Amino acid sequence: MTIGFEHRDGCPVCGSDNIARLCEISYADKRMREFFAAFYQGRAALHLLREESYRVVTCNKCGFLFQDRILDSDGMQDLYRHWVDQASSLNKKKLARAKLFRQYAGQVQTLMQMAGGRPDRIRVLDFGMGWGYWARMAQAHGLDVKGFELSQERREYARGMGLSVITELPAPGNQFDIIYANQVFEHLPDPLATLRQLCSRLAPRGLVYIRVPDGRGVAHTLEQYGWSPGLDAIHPLEHINCFTRVTLTRLGAEAGLRPVSPPLRLNWGSLLGGLMREFADRFVTTHLYFRPRN
Ligand SMILES: [Zn+2]
């Protein structure tokens, strides 16, 4: 038995086939074997990968960084269902510190403010809802929330918390006022196709929030020092898309979106931290608020 791989020839963001290789390491290489053994604690079926390589490439046209050899959909299911430890993934949310919930509440309140109107009339899609903790926060603020999730285990857990969960997107049209995707787009084989599908369900003045690991400096690090396990933004097989603010903005533009600034939110108790966060959110990081261009 081998795990199936797929090859991404063109740039997933701009479609260009002008691609340069930055890094290639066989999965049979000791560094990879040690990384997988430690990260997945022996659950990764690494012997099935040994014919394949971890490859990071960059698009010479738009600068996007990505892995061009990725698992096929069966392989991805295996990875996320069996290699990733479900109990510890759930515990990351269940036992999270107050900071995570404050962050969720802040995102929900910012999106509500930007959407305007009565909360119960704001239709939200939490795309890739995971265990449902963000969706539950949105629901507690009175929003009309649906979650989309591929993992059956996570769907059942979210339903158990009283959330409305869907397994297929509704027909295209004016379906959602807010689409929220936190730590999802780095995992998708065809991020542009997925974003276009989502946008075709968005209200004309709707909002899209996308948050991904920040890939700033990763290309430079790979070129200068090669791959190391600390480069989480380009985690083998999982973070197959590595965005910077520039390439995430480009992805949005390809799907007909433009970035918009969130309203200023400052907390007098931590003014400096708040100002730094506001600056980062506006100019640096890879969490972006978008609206349709027209
Ligand atoms: Zn490109």
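**Strand pairing and domain contact**

I began at F66, which stands opposite N241 in strand 11. I worked from a predicted model, in which local features need pLDDT of at least 70 and side-chain atom pairs count only at pLDDT 80 or more, while totals for chains, interfaces and linings use all residues. Residues are numbered from 1 along each chain as its sequence is written.

I looked up the partners next. Strand 4 (residues 65–67) pairs with strand 11 in the antiparallel sense over two bridges. Two strands count as paired if DSSP finds at least two bridges between them. Helices (H or I, at least four residues) and strands (E, at least two) are DSSP runs, numbered from the N terminus.

**Domains**

I found the chain divided into domain 1 (1–84 + 212–255) and domain 2 (98–211 + 256–292), with bounds from an automatic or database domain assignment. Their C-alpha centres lie 25 Å apart. In domain 1, 25 residues are in contact with 24 residues of domain 2 (C-beta atoms, placed from the backbone, within 7 Å). On the domain 1 side, helix 2 (73–83), strand 11 and helix 9 (245–254) each supply at least two residues. Helix 9 gives the largest share, seven residues.

**Strand 6**

Why did I log strand 6 as largely enclosed by the rest of the structure? Four of the five residues of strand 6 (residues 123–127) are buried, so the strand is largely enclosed. Buried means that 20 or more other C-beta atoms, placed from the backbone, lie within 10 Å of the residue's own.

I checked both pairings of this strand listed here. Strand 6 pairs with strand 7 (residues 144–148) in the parallel sense over five bridges, and R123 stands opposite D144 in strand 7. Strand 6 also pairs in the parallel sense with strand 9 (residues 176–182), over three bridges, and D126 stands opposite Y180.

Technical notes:
Contact = placed C-beta atoms within 7 Å. Buried ≥ 20, exposed ≤ 12 C-beta atoms within 10 Å, placed from the backbone.
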